[in-house]
Structures are given as C-alpha cells and as structure tokens.
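Please read these notes with the structure open beside you, and follow each strand by its residue numbers as you go.

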Amino acid sequence: MNDILSTVTVHMIKVLDKQQEKLSKISLENTGLPVTSCYRFILPDLLPSLDRIIYLDVDTLVLSDLTELWRTDLEGKFIGVAKDELINLNVAQKIVSERKSYFNSGMLLMDLNLFRKYDICSDLIDFAVDIAEYCEYGDQDILNYYFIDGYKLLDTKWNCGRKFLEDREKEVGIVHFYGLEKPWNNIVYSFYFRENIINMEHIYKLYQYRFLQKSKSLKDNKVTIVVTLDIFKYSKTLESVLLQSYCNIEVKVIDVSQDDRVKAKVRKLQLYYPNLKYYEVTLNDDFSRVMNFVIKNSSEHIFFIKSPYVLLSKTISDLMEIILENQADIAVVEDRAYNLNQLMYYFFEKDNQLEDISGQNKLNSLNGCLIKKEIFDVVGALNFEDNESLTATILEKADKVMVKHSDYLIKVFD
C-alpha cells in the first residue's frame, strides 16, 4: 500500500502479549464482537509519540477533507464523538443518553495526551472487565458508560449512519455502514428502496477498483457478467451485479428495453465502473448476434443474469470457488422470489448442499449459470432465442455441472 498510495503512509503496530492478555479478560461473549474491537482502548499506549488521532472503524467511507474534524477544539474532553441515531436504547443506555447522548464509537477524535495524563488506558480496561458482560454493544457501551461526561458531541456529519444520509450527501464527511449491511455484503431490498445508500456503495466500490488496479493484486479467473435488461423498472439487476464481493469482474449490459432511461443509468454508473460496457439491441438488431459477439470477447468465465433477478453480494465469489474446487465447467445457483409490495421472500427450504448434476438436463436457461468460456469456444455461435436448444448444447459439452442448493439469485416481482 505504501508503494502505490503517494499521500498515505501505513504503519503496522503490534499489540504486545501483555496488552493482549489484559484485553482478553473483557467478556464479549454475548455481543459476538472480537476482543480486537477493544484495541481502541489502548491506542494512547500503542501510539506514544502522537498527541491526537482520528480513529475510524473499517466500515467507514471518508467523503471529504478531515482537516476540520482534526482541528476541532475538544474543550478539555477526552474524545470527540457523534450521536448514534440508529440504535434502540435499552434501560442502561437511556440512563447514559439522558445525561447527554448515546454516541457511536466508530469514529473517535482522541486526545491521547489527556488519556496518558490520567492513565485512562489501564483504568478503562479494568472498568471494561467489570461491566462488559452487561453491555449489549460491547466496546461502544463501555465507552459510553465510562466517558459519560468526558466527551464532546460533534456534528453527525462526521459519523453518519447510512439511514440518515437523505438530503445530506453533500455535507457528510464520513459515512458509517454500521448495522448488518455492508458495501461488501448487501441485502436485496437496499437495491430498491435506498438510492442514497447505493450511491455511497458505488463510491466505495470505485475506490476499491482504483486501488486494485494500482496494486495489480487482482486474482486470475476473471469473470464476465452478462446482464440482460428488458425493462428500466428492473435495472436494479445491474446494481446487484456491480456490488459483488468478487472483485475481478467485467460487466457487459445487453439493453433490449428500447428505453433511453436504461442507457442513461448505465452511463451514470460507468463513472464509477470503467469495467462496465454497454450494448444496445434495437428493433433492427439480432439479439443472438450481439450475445455471440459479447461472449466471444469475454474473459475465461461468464455468468449470465437477466432482469428482474438480483444477486446477493457473495454469489460470484461462491460460484467461482465451486468451479475451482470441483474442476467444474458450470456452476448453477437456485433462486427464490421477493415480493416488492410486501417486502417478503418466498422460498422453499434449502439445505445449502452442493450437488453434481452432470449428464442431467436440469437447466432451462443460462440465467444464474457461471460457465467456462472454453465451452462456448467449442460450440461456436449459438441461437439465444431458443433456450431449450441453447442449454442442451451447452450441457452436452460440459463434463461437470454443479448446483448449489442455496439462495444466491432473487427474482423480484410486484
């Protein structure tokens, strides 16, 4: 990272065994959090040469210059924090909140000199050992209880939860993806109801893309995802493809909608994704011709998806793992249905098992299939208007076909 980021210097700091031993006495069993979440308690000791720092959780996205935050006068307080606007407070947390406010610990402006002056690190660990078992949110509860009058409350723009971005995108300095959904782990309803959140996730993925290109650390096994869009309403299919956790992808959109809004959306998304290509199929074009051209110029693996389906974020990662571990030619995912009007999933119980269906004619389309490109190289041009003939030809040339009985592909309906 130091070699490719000219404005950043990364230092590795080792937590000493004796510090680790002290922290390991903090009980976080009922929170699901690792003890590493409490490393922020000992930052003044880990960084003895620094006077103040900005601490950030890994699931934050910095959108603006942090100089204003850095220069904030803490007025004699130990930390500068922002209110947690998402959490549902329990009785103990409400007691704290009534004194001032309940804050989120994902961003801390810390006066390290003041910590050291009053030997806060050691005292805070002892305090945490005593009360951690009663803390629903682990280190965050501990910090709120300990610093009940010892912090300065800052504008939430410096630690803004995704749900509170509405109409504030231009002023927010730090977005915090706290909660279950992360830019690398999306839940499907986000694609339909939280446009401002999705915009932030595209920014996150753009940074990731740029970094990976500079570092040249992308894996082999590039995947071309072919997305067929037939209606603008379901162009969220493309959103779900672009936010895959698998990084080494290129995306090719086949637009058969005859709707200029689809083209406009793709053009906007291309600002974030240089690996996004657009192909329009007009009334005078041959769909099969376009598809065969796209496939011929694709990478070594091809995944097919069409609207109104969307992907869970780990779909491509898991399918590629199945291909590699089982030396398979095709990996297939099953789907379930999602009702937009009722915000409900409809699905059969699935066992998450992997099944070899080689030699069986169990496919009725290529939707949801990850296929080695060499299969297409062997069969040549195909008729994409005839699904039955198409899938039969592909299956005939595949030596091994695996299907995962799990939820990776969601069919959306009203």
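1. Before we look at pairs, a term is needed: two strands count as paired if DSSP finds at least two bridges between them. In this model, which is predicted, E1 and E4 meet that condition, since they are joined in the antiparallel sense over 5 bridges.

2. In what order do the 4 strands of the open sheet stand? The order is E1-E4-E3-E5, and the pairing is mixed. Strand E1 (52-56) and strand E5 (151-154) stand at the edges with a single partner strand each, and therefore one side of each has no neighbour in the sheet. Direction ignored, neighbouring strands of this sheet are turned against each other by 30 degrees on average.

3. Strand E3 deserves a careful look from both sides. With E4 it runs antiparallel, and 4 bridges join the two; here lysine 83 has phenylalanine 103 of E4 as its bridge partner. With E5, strand E3 (residues 79-83) runs parallel, again through 4 bridges, and glycine 80 has its bridge partner in lysine 152 of E5.

4. How many of the 9 residues of strand E4 are buried? For strand E4 (residues 103-111) the count is 8 of the 9, where buried means under 20% relative accessible area. It is because of this count that strand E4 can be described as largely enclosed by the rest of the structure.

Key
Residues are numbered from 1 along each chain as its sequence is written. This is a predicted model: local features need pLDDT of at least 70, side-chain atom pairs count only at pLDDT 80 or more; totals for chains, interfaces and linings use all residues. Side-chain values use heavy atoms; hydrogens and water are left out. Axes are lines fitted to C-alpha atoms, for helices over the stretch in contact, and angles run from 0 to 180 degrees between N-to-C directions. Buried means under 20% relative accessible area, exposed over 50%, partly exposed in between (1.4 Å probe, protein chains only).
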